[in-house]
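Have the viewer open as you read.

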Amino acid sequence: MVFSSFIFLFMFLPVVLALYYITPRRFRNLTLLIVDLVFYSWGEPMLVLLMLVSILINYFAAILIGINREKKALSRTIFVTAIVLNLGLLGFFKYAGFIGETLNFVMPFLNIPIIKVSLPIGISFYTFQTMSYTIDVYRNTVKVQKNIIAFGTYVSLFPQLIAGPIVRYSDVAEQLVNRRESLQQFTEGVRIFLVGLSKKVLLANQMGVLWDSVRRSGESAGALGAWVGIIAYTFQIYFDFSGYSDMAIGLGKMFGFEFMKNFDYPYISKSITEFWRRWHISLGTWFREYVYIPLGGNRKGLGRQIINMSVVWFLTGLWHGASWNFILWGVYFGIILIIEKSFLLKLLKKAPAFVGHIYSLLLIVLGWVLFYFEDMAEMAEFIGRLFGSSGFMMSGSIVPTVISYIPLLIAAALVSTPLFTFIYHKIKSKPVICVIDNAGCVLALLLCVSALASSAYNPFLYFKF
Amino acid sequence: MKIRNFFKYLPTFVFCGFIFTFMLLWIIIPKEHYSPQEKRVLADFPELTAETLFNGSFQKELDTYLSDHMPARNFFVGLNADYELISGRNGSKGVYLGSDDFLLPKPAQGGENLIKNAGYIKEFAEDIDIPVYMTVLPSSGYINSDKLPWNHDEYKDAELIEGVKNALGSKVKYFDSVSLFEEKASSRQLYYRTDHHWTSAGAYECYCGLGSAMGYAPVAEDRFNKETIDGFYGTSYSKSALWFVPPDNIELWKCIDQSSDAVSVEIADGDDKKSGKSYFFREQLENDDKYPVFLDGNHSLVRIKNKDAKGGKIVVIKDSYAHTLVPFLSLNYSEIIMVDLRYYKKEVSALAESENADAVLVLYSLSNLSEDTNLSYLF
């Protein structure tokens, strides 16, 4: 079930809110767990079992680690087994086909049969969440959760189940058993949820339409059209992803949870290092916490640091999808970050701010080319087009399309900056905020619902077909 | 709760009020079976069984069901259309809002299918021993280009129709309706404001022009009694969802010299048969889309007889634009057999020969000729 659908907004959510708030406090996790499973099985009726298996593995592994903490070797064995099982499930369901195809390509004589499994929704997210718990229990930084309902609720919590943020167990351990929902928090949740919904429905989806039109127009887009297209995609992916995170954070608040911020205006960064502190923060935190620092981070000399960074960025790329372009994308940023770390960052700090902004945006936008095209030939063709392989100017029907999207492109650019948040905080204490708040809420609801209604409106010219 | 706090937390009540009210409305409002705007049957409530639940088809169909039966659906669709219009995307639903409340469908793109269809017509004409006439009608947006919004796709109608003409070969006698319409556009309204079709006046101009090509004497305009019917909301209107656009008029032109029992119309859709005594099917005027008043809209085969007419028998291969033209042609031909290839799936060449037709007229709008994939049924 996706948040930007009628079934979620007008059936699931009201029913779940009503159920949750009429449930006595001590059974609220149980209510949440049940609705989480309904939410997940709505789209994946069978694969919900996989998530349950994942919950059980980590639940029992953590208990066993806790019991055998004194026996170092045994607890280590249990821990390693749990991690292998977690990564094994993720590896099988997400990467089996990819690994098979790659091996067949490198060594055709192997002729490995390719297993076609459909990717279970959210597996990358919930596997990382459960691993954060097991790792932290092993490191003895969090207490073992003996209550399987509380633990199950943590893993399957529907707001962040499908697309993050990746909530570390240690961040919500306290909230899971001891949270106080409040009207104040609920209202903040509504606001953030509607901001996220608007980002997704009113900006991301529309930018997607523009990007599709540019790709379909092929050579007639020229370099100018190609740049407009990839900028539209740059906006699409940001508003899609951050919109989804906002909706998750907002929904979390409605149920009394506080999740970490996942995006912090990444496109205003002055370096790529800064970009990755602002983009998908929960993933970056996870890799830093559970891969980079355990590998030694920057404490073992520059050589080792470069290796560690390479590992992290290879994995970051791979995490995004089972295809070489994602690895390429990860490695691309890995290399830029290593260069920045060695000398460029110092130069950028001395240069005027606009240099840093232009440098960062250019590399970010080019990065999305690598991210988008899974087919390397198409990627190469598109990169060629960006640099003028089919001329500079746009021609044909793409011209009026691009012109008609200029207002939205400007809106998208403005919403990518903290401008509106800044204005909002300026007027927060003034009485007028009440009007703005509620008018904004109504407007967002009406516009989002109308956009969703419109996408399902299909007049037929001839009704007898 | 203090009044100050109530206002502070009002978004919560607005949001919850909205989603709960909507849910209730969804459940209690009576469900329509058919959407007149979209001219389609709406989804039924999906079948709930263990099988449909586990393979996910129930979930998917429930989504369609909810979208189809959404409360205040037209209001929301209209709101979205208005929002897209004011945020710069005139034409995002495939129809431009032009000046003078004209709704103009986006241009046809032409492409391979258009030339392929021209090729079928060429072969058809070479295949039979009956003279074949043809005209391709330009679009409303091309003829009313002065009414288009400043930012619009290019209408290449003249160029595309020229391409069709060149692909038809020498056997097809082509009539150039583009030049005729370009000339007449300034003096009268040839297309509806809220529909992609031509008006009765537009069809009449074409009827007069075709007369010289096909060899009949058109009835003069002053021999017609024109009845104006208002409240016409055409297909472009439904597509655009710009509900504020005022309704259109539709004109029924009746020849005053014709006796009242001269005309008979027989409609056949396979085994389904229906007949009438007039070119106009007035029950269609009850609907928002009144265009099917002309010969009852699209049917597979329609036979129109006129005892008063002097001329012989012709076959018209057509799209819906012909429904306005054929009543005029019928004043000159005693029998017209109108065939719609989207529904008529037999050989038209065999039909024309067995009926001993004197001529065949192929009449298509450019957009339909570009998109239609049924012209292989000609022979």
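The largest nonpolar core holds 220 residues, and Val316(B), Leu325(B) and Val360(B) have the most contacts inside it. Helix H10 of chain A, residues 222–254, gives the most to this core, with 16 residues. Please keep in mind that this is a predicted model. As a general background, nonpolar side chains in soluble globular proteins tend to be buried together.

Leaving aside residues up to four places away in sequence, Leu325(B) touches Ala203(B), Cys206(B), Tyr207(B) and Leu363(B).

Now turn to where the two chains meet. Here 46 residues of chain A are in contact with 47 residues of chain B. On the chain A side, helices that each supply at least two residues include H1 (6–22), H2 (28–43) and H9 (183–217). H20(A) gives the most to that side, with 13 residues. Sorted by class, the side of chain A that touches chain B has 34 nonpolar, nine polar and three charged residues.

Finally, look at chain B for an open sheet of eight strands, which runs in the order E6-E5-E14-E12-E13-E11-E9-E10 with mixed pairing. E6 (172–174) and E10 (272–276) of chain B stand at the edges with a single partner strand each, so one side of each is left without a neighbour in the sheet. From one strand to the next, the twist averages 20°.

Note on methods:
Residues are numbered from 1 along each chain as its sequence is written. Chains are lettered from A and ligands numbered from 1 in the order in which they are written. This is a predicted model: local features need pLDDT of at least 70, side-chain atom pairs count only at pLDDT 80 or more; totals for chains, interfaces and linings use all residues. A nonpolar core is a set of buried Ala, Val, Leu, Ile, Met, Phe, Trp, Tyr and Cys residues joined through C-beta atoms within 7 Å. A residue is buried if 20 or more other C-beta atoms lie within 10 Å of its own, exposed if 12 or fewer, and partly exposed in between; C-beta atoms are placed from the backbone. Helices (H or I, at least four residues) and strands (E, at least two) are DSSP runs, numbered from the N terminus. Two residues are in contact if their C-beta atoms, placed from the backbone, lie within 7 Å. Ala, Val, Leu, Ile, Met, Phe, Trp, Tyr, Cys and Pro count as nonpolar, Asp, Glu, Lys and Arg as charged, and the others, Gly among them, as polar. Two strands pair if DSSP finds at least two bridges between them. Axes are lines fitted to C-alpha atoms, for helices over the stretch in contact, and angles run from 0 to 180 degrees between N-to-C directions.
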